[in-house]
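Here is a friendly walk through one protein model, going from a metal site out to the strands and the packing around them. Keep the viewer open as you read.

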Amino acid sequence: MRKQHIVLVLFLLIAGCADKSAVPIPSNEFLIIAHRGASTYAPEHTMLAYEIAQQSAATYLEIDLQMTEDGVLVAMHDETVDRTTDGGGLVKDYTIEELKQLNAGEWFNSTYPSMANEAFEDLDVPTLEEVFLRFGDEANYYIEMKSPKIYEEMEEELIALLHQYDLIDVNKKLPKVIIESFSRASLTEFHELEPRLPLIQLFSFKEKAALSDQDYNSLSTYASGIGVNLNAVDKNFIHEVQQHAFQIHLYNINNEMDMKKALNLKANGAFTNTPNLAVDLLKQPNE
Ligand code: G3P
Ligand code: CA
């Protein structure tokens, strides 16, 4: 563990951290979570995708995290760079300097010619720090710890950066930062170190979504809500989750029919590649 992490961890363990209950998300607003940025319109997890999301009034910029060989958190969905850059191999085998040489936009132009744009030709992979520097306090961040098993210090590095950029804002109705992961172990470690941020436990249900009393009890020790695939839920499940005082955010919703479904189900939010669609639907009078 790096020296600054040891200091931070000791500080957090001693200082804080007496109250370890999960943090409620008090807002009743429907959260529009721009999935990998506005990733229908620009290459996912590039600064342009986040800028379009921000311009379309998404509530949150969703950022998946991977980590370089030299410990820098970067915005990328996959463990490898193959799909979304012109490089090859694992992110963890690249230094940040090497990763920054890769092109993160050309793949989009060739994969989606109807959406191609010259502006995408020179995009690189942003670091999480660059995203914070670009948007600062003007955006809200919904950050996923991806593959935490292969990145030993992802949680510590993320917490250190959130502290550095003063993003542990606990007084707002709408949290400035929400942390998500499919990994319970990673979320509970994060919660142990920094219990003031709301955490979302992601689930991918193969069939109908269901949680036992034991699941709810376990979730209540660290999570503020859950993220679930839309096709697995119905109104009863959503109501049950909310009755247990958790928020429920649905993924991934990229067309009008599904977005209307998410709104009719009265979910608390949705991950979407097309945040403008949700913004427009929310402006329409209720049917
Ligand atoms: O992050 C929530 C949900 O969108 C999971 O999907 O895109 O990270 O694989 P993804
Ligand atoms: Ca994600």
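Let's begin with the spacing of the metal ligands along the chain: the donor residues of the calcium ion (ligand 2) follow the pattern E-x1-D-x79-E. Bear in mind throughout that this is a predicted model. The three donors are Glu62 (OE), Asp64 (OD) and Glu144 (OE), and they coordinate the calcium ion (ligand 2) at 2.2 to 2.3 Å. Asp64 belongs to strand 2 (residues 60-67) and Glu144 to strand 4 (residues 141-145), so this pair ties together parts that are 80 residues apart in sequence.

**Around strand 5**

Strand 4 and strand 5 pair in the parallel sense, over four bridges. Together with helix 6, these two strands make a right-handed β-α-β unit. On to the next strand: strand 5 is joined by three bridges to strand 6 (residues 199-203), and the two run parallel. Within that pairing, Ser181 has Gln201 of strand 6 as its bridge partner. To get from strand 5 to strand 6 the chain passes through helix 7 (residues 184-193), and this β-α-β crossover is right-handed.

How enclosed is strand 5 (residues 177-181)? Five of its five residues are buried, so strand 5 is largely enclosed by the rest of the structure. In a regular strand, side chains alternate between the two faces of the sheet. Here Val177, Ile179 and Ser181 point one way, while Ile178 and Glu180 point the other way, and all are buried.

In soluble globular proteins, nonpolar side chains tend to be buried together. In this model the largest nonpolar core has 75 residues, and those with the most contacts inside it are Tyr141, Ile143, Leu158, Leu162, Ile179, Phe237 and Leu250. Helix 6 (residues 154-164) supplies the largest share of this core, five residues. A second, separate core has eleven residues, among them Tyr142, Ile200, Leu202 and Phe271.

Asn140 sits in the loop between helix 5 (128-135) and strand 4. With 15% relative accessibility it counts as buried, because the cut-off for that class is under 20%. Its side chain has two polar links to point out. One reaches the backbone oxygen of Thr59 at 3.1 Å. The other is a polar contact between the side chains of Asn140 and Lys176 (3.1 Å). Beyond four places in sequence, Asn140 is in contact with Thr59, Tyr60 and Leu61, and with Leu174, Pro175 and Lys176.

**Strand 9 and its partners**

Strand 9 (residues 269-272) has parallel pairings with strand 1 and with strand 8. The table sets these out.

Which way do the residues of strand 9 point? Gly269 and Phe271 point one way and Ala270 and Thr272 the other way, and all are buried.

The last stop is Phe246, found in the loop between helix 9 (235-243) and strand 8. Phe246 has 6% relative accessibility and so counts as buried. Leaving aside neighbours within four places in sequence, Phe246 is in contact with Tyr216, Leu219, Ser220, Ala223, Ser224, Gly225, Val241 and Asn268. For one of these contacts, Leu219, the C-alpha to C-alpha separation from Phe246 is 8.9 Å, with the two residues 27 apart in sequence.

Note on methods: Residues numbered from 1 in each chain as written. Chains lettered and ligands numbered in written order. Predicted model: local features only at pLDDT ≥ 70, side-chain atom pairs only at ≥ 80, totals over all residues. Heavy atoms only, no water. Core = buried A, V, L, I, M, F, W, Y, C linked by side-chain atoms within 4.5 Å. Buried < 20%, exposed > 50% of the residue type's maximum accessible area, 1.4 Å probe, protein only. Donors = N, O, S within 2.8 Å, 3.2 Å for Na, K, Ca; no water. Pairing = 2+ DSSP bridges. Right-handed = clockwise from strand over helix to strand, strands pointing away. Polar contact = N/O pair within 3.5 Å; in protein donor to acceptor, adjacent residues only side chain to side chain. Contact = heavy atoms within 4.5 Å.
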